[in-house]
Amino acid sequence: MIRACIFDLDGTLTDTIESLTYSVGETLKEMGLPVITKEECRSFVGNGARFLMDKSIRAAGDEKGMRLEEAMEIYGRIFDKNCTYHVVPYEGILKLLEELRKRKVKLAVLSNKPHRQTVKVAERILGKGIFETVCGQQEGVLRKPSPEGIYTILKELKVEKEECLYVGDSEVDIITGKNAGMKTVSVTWGFRTEEELKSSGASYLIQRPEELLGLL
């Protein structure tokens, strides 16, 4: 019996590509570098802000990533102000979360987005009090694909891994779920294509949020 669901945030619950692309673009402009495309940005998302900015500045011409620390400082400032810029929940997500809560399923978020911005997006876009816990990338906790964040959440929710689904949209999420030994569900409406998810070893694929209910 499934008693809990842990969700990735970007590309799974919320469409954040505009906020990410805008913030990366403004960072590159401030650094005097050319702006990358939305599709490039989309392909760099999933492994945390440092990975995103490293890939972005290299794509913009800093091929050795020598200005990464500068980029991180600027991006941190800009993204904190714009993390909810044009962010919306994916169609059907709010209804799914409502139905899960009606069924007494405990809900949590685990993201590689910085913790402060993860909480901002979850509360402002999806609502306060929806999730038992919201965890973003923070000091002292290894980021995904390490299963450490999942184990911490399971302990807080007081559920076993066999009683929980992990839901995400990327290859990072697939590996994270496997590392945690959990049943992992990949969604096809996020930042990766169905073909990319399948090639990454996805075990369960859903095309619409309501399909998750059939896996409980």
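Modeller: A residue counts as buried when its relative accessible area is under 20%, as exposed when that area is over 50%, and as partly exposed in between, with a 1.4 Å probe and protein chains only. The structure is a predicted model, in which local features need pLDDT of at least 70 and side-chain atom pairs pLDDT 80 or more, while totals for chains, interfaces and linings use all residues. Residues are numbered from 1 along each chain as its sequence is written, and side-chain values use heavy atoms, with hydrogens and water left out.

Biologist: Why is Ser-146 called buried?

Modeller: The relative accessibility of Ser-146 is 15%, and the limit is under 20%, so Ser-146 counts as buried. Ser-146 is placed in the loop between strand E5 (133–137) and helix H7 (148–157), where helices (H or I, at least four residues) and strands (E, at least two) are DSSP runs numbered from the N terminus.

Biologist: What makes the pair of Ser-146 and Glu-148 a polar contact?

Modeller: A polar atom of the Ser-146 side chain lies 3.1 Å from the backbone nitrogen of Glu-148, and the rule asks for N or O atoms within 3.5 Å, one able to donate a hydrogen and the other to accept it, with residues adjacent in sequence counted only if both atoms are side-chain atoms. The 3.1 Å pair therefore falls within the distance limit.

Biologist: How do you know that Leu-126 is buried, and what is Leu-126 in contact with?

Modeller: Leu-126, found in helix H6 (residues 115–126), has a relative accessible area of 6% and is therefore buried under the 20% limit. Beyond its neighbours within four places in sequence, Leu-126 is in contact (heavy atoms within 4.5 Å) with residues including Leu-9, Pro-89, Leu-97 and Phe-131. Leu-97 is 29 residues away from Leu-126 in sequence, yet their C-alpha atoms are 9.0 Å apart.

Biologist: What makes a set of residues a nonpolar core, and which members of the largest core touch the most others?

Modeller: A core joins buried Ala, Val, Leu, Ile, Met, Phe, Trp, Tyr and Cys residues through side-chain atoms within 4.5 Å. The largest has 51 residues, of which Phe-7, Leu-13, Leu-97, Leu-107, Phe-131 and Leu-212 touch the most other members. Helix H4 (residues 68–82) gives the most to this core, with six residues. Another core, of 14 residues, lies apart from it, with Ala-4, Leu-157, Cys-164 and Met-182 among its members.

Biologist: Why are some spaces called cavities and others pockets?

Modeller: On a 1 Å grid over the protein atoms alone, a cavity is a set of points where a 1.4 Å probe fits but cannot get out, whereas a pocket is an open set with protein on both sides within 12 Å along at least five of seven lines; lining residues have an atom within 4 Å of a point. The rule gives two cavities of 30 Å³ or more. The largest cavity holds about 200 Å³, and Asp-10, Val-45, Gly-46, Gly-48 and Lys-113 are the closest to its centre of the 22 lining residues. Strand E4 (106–114) gives the most to that lining, with four residues.

Biologist: Which residues line the largest pocket?

Modeller: The lining consists of Ala-49, Arg-50, Met-72, Tyr-75, Gly-76, Phe-79, Pro-114, Gln-117 and Gln-137. The largest share, four residues, comes from H4, and the space in this pocket is about 170 Å³.

Conventions. Points joined across faces, edges and corners; volume = space filled by probe spheres on them.
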